[in-house]
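Please read this briefing alongside the sequence and the model.

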Amino acid sequence: MIASVIAVAFGVIFWAWDAVWAATENAFLFFPPAQAILYGMWFLPAVLSGLIIRKPGAAFFTETVAAIISALLGNKWGATVIIQGAAQGLGAELAFALFRYRVFTLPTGLLAGFLAGLVAAVFDWYVWTYTYALWNYRVPYALFTVVSATVLAGAGAWLLVRALAPTGVLDRFEAGRERALI
């Protein structure tokens, strides 16, 4: 249930973030690949749900459903975001699987963000940016994507879990029970 709530909330956030992406295009005219520094927001639900729910498939499910909601609300990339979201969710899922769903520390979150970003960069390489210059656009774009994913999604999700835990909203989950009792 919580995975669905996170997914729907982030599906709406994705839709709003699409507008932020479009509104900032001119701000990156000096070096267009740098706009990928904003990309990490689109990986946040996968890492967040993995850190909270801590069960196989949570990251994949949440990211995929968020992408479906985003596509249904409308975006300039169309239904392709569903496939891309599923791939990104699998990237984040891999990080949690590597630790057998037992380690949910900051480094695990960073790795989940990194792998989601890496998958997105590879996807973009073949689907969205294949016509662009290799060293002037594609490589820097991929690097900005991975850095953004690691920081915004990886560290951002970990910090969000740490911020939510003291409120009691996560008490049903191990992530909420890890907080220090006052």
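## Briefing

Arg-54 lies in the loop between α2 and α3; helices (H or I, at least four residues) and strands (E, at least two) are DSSP runs, numbered from the N terminus. This is a predicted model, in which local features need pLDDT of at least 70, side-chain atom pairs count only at pLDDT 80 or more, and totals for chains, interfaces and linings use all residues. Residues are numbered from 1 along each chain as its sequence is written, and side-chain values use heavy atoms, with hydrogens and water left out.

**Loop residues with positive phi**

- Arg-54 has a phi near 60°, a positive value in a residue other than glycine.
- Arg-54 is buried, at a relative accessible area of 12%; buried means under 20%, exposed over 50%, and partly exposed in between (1.4 Å probe, protein chains only).
- Tyr-101, in the loop between α4 and α5, is another residue other than glycine with a positive phi, near 55°.

**Salt bridge**

- The structure holds 1 salt bridge, defined as a side-chain nitrogen of Lys or Arg within 4 Å of a carboxyl oxygen of Asp or Glu.
- Its partners are the side chains of Glu-25 and Lys-76, at 2.7 Å from N to O.
- The pair links distant parts of the chain, 51 residues apart: Glu-25 is in the loop between α1 and α2, and Lys-76 in the loop between α3 and α4.
- Glu-25 is partly exposed with a relative accessible area of 33%, while Lys-76 is exposed with 54%.

**Largest pocket**

- The largest pocket holds about 500 Å³ of space.
- Of its 23 lining residues, Trp-21, Tyr-39, Trp-77, Trp-128 and Tyr-141 are the closest to the centre.
- On a 1 Å grid over the protein atoms alone, a pocket is an open set of points where a 1.4 Å probe fits, with protein on both sides within 12 Å along at least five of seven lines, and lining residues have an atom within 4 Å of a point.
- Grid points are joined across faces, edges and corners, and a volume is the space filled by probe spheres set on the points.
- At least two lining residues come from each of α1 (2–24), α3 (58–73), α4 (80–98) and α6 (134–164), and α4 supplies the largest share, 4 residues.
- The lining has 12 nonpolar, 7 polar and 4 charged residues; Ala, Val, Leu, Ile, Met, Phe, Trp, Tyr, Cys and Pro count as nonpolar, Asp, Glu, Lys and Arg as charged, and the others, Gly among them, as polar.

**Second largest pocket**

- About 170 Å³ of space lies in the second largest pocket.
- Its lining residues include Ile-2, Phe-10, Leu-48, Ile-52 and Leu-170.
- Two or more of the lining residues come from each of α1 and α2 (44–53), with α1 giving the most, 6 residues.
- By class, this lining has 11 nonpolar residues, no polar and no charged ones.

**Surface and helix positions**

- Phe-114, Leu-118, Val-122, Tyr-126, Val-127 and Trp-128 form a nonpolar surface patch with about 530 Å² of accessible area together.
- Patches are made of residues with over 30% relative accessible area and no salt bridge, like charges being joined within 9 Å and nonpolar side chains (Val, Leu, Ile, Met, Phe, Trp, Tyr) within 5 Å.
- Accessible areas come from the Shrake-Rupley method with a 1.4 Å probe; for residues, only the protein chains shown count as cover.
- Val-127, in helix α5 (residues 106–127), is partly exposed at 32% relative accessible area.
- Ala-97, in helix α4, is partly exposed at 33% relative accessibility.
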